[in-house]
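Please look over the sequence and the structure shown here before reading further. The paragraphs below then lead through the model step by step, from its strands to its charged and aromatic side chains.

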Amino acid sequence: MKPLTNIDKFLKRFDNFKGGEVRSIEIISPSVILITLAGQDEARSFDWITLQLECNGISDAQILDNSKLTYLDMNEGISILNTDSLLAFAVGECYNESSIKSSSCFIECSSIKYKEGLF
């Protein structure tokens, strides 16, 4: 896993996972959640790729059961918000802490790592 340092570049590369899929959300421990996503990769001529995001130091979360992920609307993709007081992953277009908290699926954490895989 690599630390996610340039969030804007990362989200641009995958077009915020618009039209992608959240394949699974796995609780590893009370402080670690693993999210598996699929999306199109601009760096690979828009081929589909699977990525894992590891959220560490969880402070708050609202996640969906894996059986409900196929019903998740990914037209707006995902958001990763990084401010002085907050690092958060959320489904949908979110610009602040209030919109993060109103997302159907969000995770507030202290760090995010990622790993690229095959489709």
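The model shown here is predicted.

Most residues other than glycine have a negative phi. Against this background, which value does phi take at D15? Phi of D15 is near 50°, a positive value in a residue that is not glycine. D15 belongs to the loop between α1, which covers residues 7–13, and β2, which covers residues 21–29. The relative accessible area of D15 is 43%, so this residue is classed as partly exposed. The second case is F46, which is likewise not a glycine and has a positive phi of about 65°. F46 is located in the loop between β3 (32–41) and β4 (47–56). Because its relative accessibility is 47%, F46 also counts as partly exposed.

The charged side chains come next. How many salt bridges does the model contain? The count comes to eight. One of the salt bridges is formed by the side chains of D41 and R13, with 2.7 Å from N to O. This pair links distant parts of the chain, for D41 is in strand β3 and R13 is in helix α1, 28 residues apart. Is D41 buried or exposed? The relative accessible area of D41 is 0%, and therefore D41 is buried.

Another salt bridge joins E116 and R44, whose closest N and O atoms are 2.9 Å apart. Here too the pair links distant parts of the chain: E116 lies in strand β9 (residues 111–116), R44 lies in the loop between β3 and β4, and 72 residues separate them. E116 has a relative accessible area of 26%, so E116 is partly exposed. R44, at 37% relative accessibility, is partly exposed as well.

A further salt bridge is that between the side chains of E108 and K101, at 3.3 Å from N to O. E108 counts as buried because its relative accessibility is 7%. K101, by contrast, has a relative accessible area of 35% and is therefore partly exposed. Salt bridges that share partners also join R13, D41, R44 and E116 into one network.

A charged residue may also be without such a partner. E54, in strand β4, is buried yet has no salt bridge. Which side chain of opposite charge is nearest to E54? That side chain is K113, at 4.0 Å. The side chain of E54 does make a polar contact of 3.2 Å with the side chain of N56. Apart from its neighbours within four places in sequence, E54 is in contact with M1, V32, I33, L34, S111, I112 and K113.

The last step concerns the aromatic rings. A pair of such rings is described by the distance of the centres and the angle of the planes. The model has four aromatic pairs. Among them is the pair of F10 and F17, which is tilted, with 6.2 Å from centre to centre and 45° between the planes. F10 is buried because its relative accessible area is 6%. F17 has a relative accessible area of 1%, so F17 is buried too.

F10 also pairs with Y114. The ring centres of F10 and Y114 are 5.2 Å apart and their planes stand at 55°, so this pair is tilted. The pair links distant parts of the chain, with F10 in helix α1 and Y114 in strand β9, 104 residues apart. Both F10 and Y114 are buried. Which residues make up the aromatic cluster that includes these two rings? F10, F14, F17 and Y114 form this one cluster.

Key:
Residues are numbered from 1 along each chain as its sequence is written. This is a predicted model: local features need pLDDT of at least 70, side-chain atom pairs count only at pLDDT 80 or more; totals for chains, interfaces and linings use all residues. Side-chain values use heavy atoms; hydrogens and water are left out. Helices (H or I, at least four residues) and strands (E, at least two) are DSSP runs, numbered from the N terminus. Buried means under 20% relative accessible area, exposed over 50%, partly exposed in between (1.4 Å probe, protein chains only). Lys and Arg count as positive and Asp and Glu as negative; His and the chain ends are not counted. A polar contact is a pair of N or O atoms within 3.5 Å; within protein, one must be able to donate a hydrogen and the other to accept it, and residues adjacent in sequence count only if both atoms are side-chain atoms. Contact means heavy atoms within 4.5 Å. Rings of Phe, Tyr and Trp (its six-membered ring) pair if their centres lie within 6.5 Å; planes under 30 degrees apart count as stacked, over 60 as edge-to-face and the rest as tilted.
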